[in-house]
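The following exercises are to be worked through with the sequence and the structure at hand. Each task is followed by a solution in steps.

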Amino acid sequence: MFQLFSKKNGNLKDDTLSGLTVAFALVPEAIAFSMIIQVNPLIGLWAAIFMGLITAIFGGRPGMISGATGAIAVVLIPVIEAGKAYAIKEGIDAKPIDVAQQFMFLTLILAGCLQLIVGLLKLGRFIRLVPHPVMMGFVNGLAIVIGKAQLTSFQNKVVNESTGEVSNPWMDGNELMIMIGLVLLTMAIIQYLPKLTKAIPSSLAAILVVGLLGYFQVFDTKTVGDILKEASGSSELSSSLPWIDNFNFVFDLSWWTIIKMVGGTAVIVCAVGLIQSLMTLQLIDEITETRGQGNRECLAQGSANILSGMFGGMGGCAMIGQSLINIKSGGRGRTSGVVAALGLFVFVMFAGALIVQIPIAALTGVMFMVVIGTFEWSTFKTFGKVPLSDIFVIILVTVVTVFVDLAIAVLAGVIASALIFAWKSSKHVFVSVEQETEDEKIYSVEGLLHFGSVKEFSEHFSASSDTQNIVIDFEKARICDLSAIEAMNAMAERYRNAGKNLRLRHLSPDCQKTLKRAGNLANIEVLPDDPDYTVASLRANK
């Protein structure tokens, strides 16, 4: 029904227009994520500018958008709270939030350094090990999270003047009807405008149309300025540049104190940022049928977070929602990301009065269309057609993404997939007697020997009841890990103690060498004319 993504090459016009569309969409997201950690909205906006520009120029995935994200914001909350508590405890002559922000900036710098190390060690390629069910669960969960985040647009922030308590009641009456109507209008323009013309990205057209309705006050509805006022008390965007004057306090502390305060969180920021970025990169790869560079993206993300922390931003990573808006609008090259970052810079510095007039309904409608395009609707077609284990992994990752955290969700999905694979492969180790005489028995082994299958493998052999001479044929088997090596070592020991001869054949020289290093198996005779494969066969990747 919804043909949101087309596999086509970009051009300068498409990249420029899609970049402008993304720039509009970055504003409320950056403000909202700043509100999560209760810092000035400009911290989120500058983070989006730094992250977007650096990763667009130097990153490993043209067309992917980076900026301030909710995943990083949530992770930074403990540092903010710990910084406030430290300032109060030590009686520091400064606002607790100012002290907390300095710890946050240092956290981002350290996290960026760790991301650079990951990139230099070329560890980004390990994202290829993420199974497809994990990817499906990841995008489904993100779609739900993005959709849930838009529901706050239908709420108002109300402060009780007597108690200071904040509540967020739902809109009602005409206000709600206008909000819903403008959201539906935005979605309709995005869906049906391409059927009339593709001269301008439909998302940008929708924002402009609904924005003009708001600017000329055709409808009275919530705007970006209202969100700014709720966050900082002012409905105007400041035009001041950030500067590196954010560390006048924390540099007086010992390195050990700094590491205790920010070290653990920095590791988590590093992991969460890279997982979301590399998963988004892989998703964009699939949509565009091209291939990004994971290690290069790690380096760019690390550099961007370092500079973001130095110049007063809250850091971030790849943004799946804005990346999909960019791809949907025709953005394929680096120009789209550069235009998005520079467009946001221009908005903050020179066009704040116009940006604050954009109705939140327009941006909410764009994001709802992103939700529809992000969700893997083919998931429902897999029921009854793929193994239940794959469906379980999809649901597991989706649920954990929604209710816990996307990094933990991906990790849980990969672990679950690995355990399921180990369990299945452990049932597919077959040992049969190929030939048997009075003095000799030849066993044929088929399957993968690893920690999950060695027990079943070992149960087929009995040193006390076997013949005097035993040959184990490994032509159709592979030794995959230390558990398998130790199982062979223990088996050889049992046969030696029983005074019997154990010989192996079709075992590669690499396997022989590895087995001998793991244990004293020098007395086992290995028959010649073996095929050439390694301990964990990677022939398909050679």
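**Exercise 1.** In this predicted model, identify the bridge partner of Val431 in β6, and describe how β5 and β6 are joined.

*Solution.* 
Step 1. Val431 has Val445 as its bridge partner in β6.
Step 2. Strand β5 covers residues 430-436 and strand β6 covers residues 440-449; the two run antiparallel and are joined by 6 bridges.

**Exercise 2.** Determine which parts of the chain are linked by the salt bridge between Glu440 and Arg503, and classify both residues as buried, partly exposed or exposed.

*Solution.* 
Step 1. In the salt bridge of Glu440 with Arg503, the closest N and O atoms are 2.3 Å apart.
Step 2. Glu440 belongs to strand β6 and Arg503 to strand β8 (residues 501-505), so the pair links distant parts of the chain, 63 residues apart.
Step 3. A residue is buried under 20% relative accessible area. Arg503, at 18%, is therefore buried, whereas Glu440, at 22%, is partly exposed.

**Exercise 3.** Explain why the salt bridge between Asp473 and Arg505 ties together separate parts of the sequence, and name the network to which these residues belong.

*Solution.* 
Step 1. The side chains of Asp473 and Arg505 meet in a salt bridge with an N to O distance of 2.9 Å.
Step 2. Because Asp473 lies in strand β7 (residues 469-479) and Arg505 in strand β8, the pair ties together parts that are 32 residues apart in sequence.
Step 3. Asp473 is buried, at 4% relative accessibility, and Arg505 is buried at 18%.
Step 4. A network of salt bridges links Glu434, Asp473 and Arg505.

**Exercise 4.** Locate the salt bridge between Glu493 and Arg496 and state how far apart these residues are in helix α19.

*Solution.* 
Step 1. The side chains of Glu493 and Arg496 form a salt bridge at 2.8 Å, N to O.
Step 2. Both residues lie in helix α19 (residues 482-497), 3 residues apart, which is about one turn of the helix.
Step 3. Glu493 is partly exposed at 36% relative accessibility, and Arg496 is partly exposed at 26%.

**Exercise 5.** State which helix gives the most residues to the nonpolar surface patch, and where Trp377 is found.

*Solution.* 
Step 1. The patch is formed by Trp377, Phe380, Phe383, Ile395, Val399, Phe403, Val404 and Ile408, with about 860 Å² of accessible area together.
Step 2. Helix α16 (residues 388-403) gives the most, with 3 residues.
Step 3. Trp377 is found in the loop between α14 (360-374) and α15 (379-382).

Technical notes. Residues numbered from 1 in each chain as written. Predicted model: local features only at pLDDT ≥ 70, side-chain atom pairs only at ≥ 80, totals over all residues. Heavy atoms only, no water. Patch = residues over 30% accessible without salt bridge, like charges linked within 9 Å, V, L, I, M, F, W, Y side chains within 5 Å. Areas by Shrake-Rupley, 256 points an atom, 1.4 Å probe, with all protein chains shown as cover. Salt bridge = Lys/Arg side-chain N within 4 Å of Asp/Glu carboxyl O. Helix = DSSP H or I, 4+ residues; strand = E, 2+ residues; numbered from the N terminus. Pairing = 2+ DSSP bridges. Buried < 20%, exposed > 50% of the residue type's maximum accessible area, 1.4 Å probe, protein only.
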